[in-house]
Structure formats: structure tokens, C-alpha cells
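Dear colleague,

Please find below the structure that I am handing over to you. My notes on it follow directly after.

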Amino acid sequence: MSKMVDVDDARAVGSGLVTDNRLTLISAVLALGAFVTLLDTTIVNIALDHLRLTFGASVSQTQWVSTGYLLAFVSVIPLSGWLSERFGGRNAWLLAIGVFGAGSLLCGLAGSLDQLIVARVLQGAGGGMVMPVTMSIATRAAGPERLGKATAAVALPGLLGPMLGNVLGGAIVESLSWHWLFFVNVPVCLVALVVGPMMLPTEPGHRGHRFDLPGFLLLTPGVVAVALGISQATGDQGFAANGAWGPLVVGVALLAVFVTYSLRAPGAAIVDVRLFARPSFGIGSVITFAGGFSTYALSFLLPLYYQQVRGESVMHTGVLLITQGLGTIFFVLVVRVPAQRLDGRFVVAGGVLLTALGAVPFALAASTPWLLAAQFAQGLGFAATTFPVMELAFSNLSHAEIPRGSAAFSVVQRVGAPFGVAVVAVILQRLLNNATAPVDAFATTFWWIVGLSAVPLVLSFFIPSGRGGKPLTEPVVGPPAAR
């Protein structure tokens, strides 16, 4: 198998790309790793209360099972670009999957809450490297003309994983034991480690590539501090809590210093912030960040709505949420290819509108059939927004810029999503404190989601015009032989 793959690579080496059939195999392997790491974000969150009761811990202590994972996840994202350049994308991906798998095994074997939290940190360190390295490998293998196919393989697990995690997490807690929340990852990681060396393209690392230690010491603590502040802002005091605004101030200050440093040493910086000055990458990143107020906030609100307002069980809630995933799958299988013939601005704007409209029946406390139809519209809107925006962001990165561009884009995703969720959580909490019934507080919060959707909607019309998310106002930059 390995020889066959190497021959296939050799045929395409003149262009720096791989064949269509090979790209499909690469995408399947990368999707496997992306799915299992992103599935883990919700498969554990839905079982936090069960873990609290199991270990006899407080809510704040148990929350570190998620917070520790999140902080480790975001801390390694800046490192992922350098690892891909230094050791090659395939080796960096195998390292990330191996660390995630080892962390999953240790989580399942944990005998105390402290041991579980430490293992979750290791697991998060592996998981945080997977997505940016995955995007780097996929976009480099695909090239500018097949970015849509590559981004679909990368983004689809990110949309389906968290949705299916609710179902799987509920089923595991009710039918097996909490240990299997983590053991379930191990065989998938082992399969990925076996097929990865056979299927993923070989790219030599650059041994002389210097590690940007000053940039890493500025960027990583800055991102971690921002993520910590956001995670602490979901209580009654919101962003006014000391545990929230203190880390946020420190984090923003460190990021500001890093931006200045990166502009002065653009070739050496661990992340080149000049990429955000390009219309395609910059506007794609801003829309992705703004999506935290609608797309990711809905993913946070819907399980709470079903359980607190409708009184549904964890398992039944997960089943009800499946229709979101069906909407996403429908876009990939039916809508994505025709949508690539349209102006990307209208595809993204349509996706934002569908997402916003999908929140209206929840604001009106409609009947179950309407809610399920609304979730299908949300899933369709999520995909219509995510795929073209990701394709847009990477469409004008050169072959050499992709690893650091992937890291920069992943930082935006992993900070923007929880920030939007935290803002909506603060709104909901304050409304619940003053509401006579939970349904009224949730209804108002869903109307906030509809209103906040105006931000990415307006931004979508600033996308450079072009078909399929590829701007026509900037030259497409690829490997030298592919230009």
C-alpha cells in the first residue's frame, strides 16, 4: 500500500499536488482524526454532572475537566504551524493523534478527579494540534482549484462531531460507564495511526527552521489567558467577575505585544499576522469569529432549552438534535457543488439568514415539528457559512504560508466560538435571574441570537466577489509549478 501511494505522489509531484483519488483517501483519513477530537468536546460536556456525582466533587471542581482540556487545546495551536514546517505535516499529525489517544486512555483509567483533569490536559494538547495540521495537509494536497473538496473534509467533522457527541455521550452514560467516554477514542486513534503513514502525503521537514521562542511565549499565554477569561465569564457576574476580566486584560495585552512583535519580525514569527491584512483571509477570519454569536451559541443553547424548558432527558435531547446534522449532510451531498457556481457573498449571506431563521421557532416556543425543521435549517445554514468562508480564507495562501495560516485561523475559531457562547450565556443567565419562567428567558435569548446574526450577515457582503468562495479580486497563489 505504501509503495502504491508513493508512486501516486510521484506522478503529481510536478504540480506539488496529488491526484483526485488520492485526495479522497487523504481527506477520509484526516476526517477520521478531526472527527474523534471534535466529538470529544461535547461527548464529555454532556456528562459533567454525572462525573460530579461520581467523584463527589463541586461544580467548580468538575468544570476543570472541560476547562483544562480547553486551555491545553488552545495553548498548542500556535505550535502546530511550526511543527508542520519543522517535521512535515504527516509527522506532526501522527504526533497529535498519538498524544490525543494516549490522553484518552489515561482519562479512562483515571481513579480520581485530579487524575482525570491531568489526563484531559494531555488529551487537549493532542486535540489542539489536530485541526490546524489537518487543514494544512488538506489544503496543501488539494491546491487552489480543489479547496472546496478539501475544506469540506476538514469542516464537516467539526460540524457533525459536537452534534453527535450529545447522542453518544448520553448513550454511554446511560448504558455503559463514564470510562467509555474516553476509551471510545482509543481504537479510532489506533486506526488513524496505522493508516496515516500509508495514506497521508510525505513532506520533508525543514531541519534549519528556527523555533520562534519569543513569539511563542507571547502568543500562547495570551491565547490561554483569553480562553480562561472567557470560560470564567459564564456565571452570574459575567465578564465583570475577577476570574474573567483579569485574564482577559492580561491576554489581550500579550496578544497586542505579539502583534507588534510579529509585524517587526514577519519572517520569523510563529504566526504571521500580516495574513489578516489580505481581504480573503482577513474577512474570512472575522466572519468565523462573529459566528460564535450565532452558530456556536445555538449549539450551546439548544441542549439547555430542551432539558430546562421542555424537560427532556440527556439521551432524548441528543436524539432531537440529530436534525441539525442532517441539515449539514444535506448541504454537503446536495447543495455544496451547485453553490460553488454562485457568488460566495450570497452563499454565506444565505447561510447566515437560514441560521437566524432557525432560531425564530425556538423564540416563539413552537411545537416539536417546527423545532426540528428549524434545526435542519440551522444545520444547512451552518454548513453554507462554514465551508465557503474556510475556502475563502485559504484560497490565497501560498504553499509555504499554509501551516502558519492554519494555526492563525484555528486560533480565531477556538477563541471566537467560546467568546460568542460566553456572551450569550451571560445574557441568558441575567434573563433567568429576572424571569418568572425559564421559557421567557430562553425566548428573549433566541431573539438576541437573531439580532446578533446581523453582524456576520453584514460582513458577508464585504467578501471579495467570486464563485465558490474564491475571490476574483486577488490572484490565486499556489505552489510555483501550479501557478
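**Arg120 and its surroundings**

Setting aside neighbours within four places in sequence, Arg120 is in contact (heavy atoms within 4.5 Å) with Asp40, Val44, Val65, Ser66, Tyr69, Cys107 and Phe182. This is a predicted model, in which local features need pLDDT of at least 70 and side-chain atom pairs count only at pLDDT 80 or more, while totals for chains, interfaces and linings use all residues. Residues are numbered from 1 along each chain as its sequence is written, and side-chain values use heavy atoms, with hydrogens and water left out.

Arg120 lies in helix α8; helices are DSSP runs (H or I, at least four residues), numbered from the N terminus. Arg120 has 1% relative accessibility and therefore counts as buried (under 20% relative accessible area, with a 1.4 Å probe and protein chains only).

**Packing of α6 and α8**

Helix α6 (residues 77–87) packs against helix α8 (residues 113–142) at an angle of about 55 degrees, and their axes are 8 Å apart. Axes here are lines fitted to C-alpha atoms over the stretch in contact, and angles run from 0 to 180 degrees between N-to-C directions.

**Helix α12**

Among the buried residues of α12 are Gly215, Phe216, Leu218 and Leu219.

Yours sincerely

Notes
Buried < 20%, exposed > 50% of the residue type's maximum accessible area, 1.4 Å probe, protein only. Helix = DSSP H or I, 4+ residues; strand = E, 2+ residues; numbered from the N terminus.
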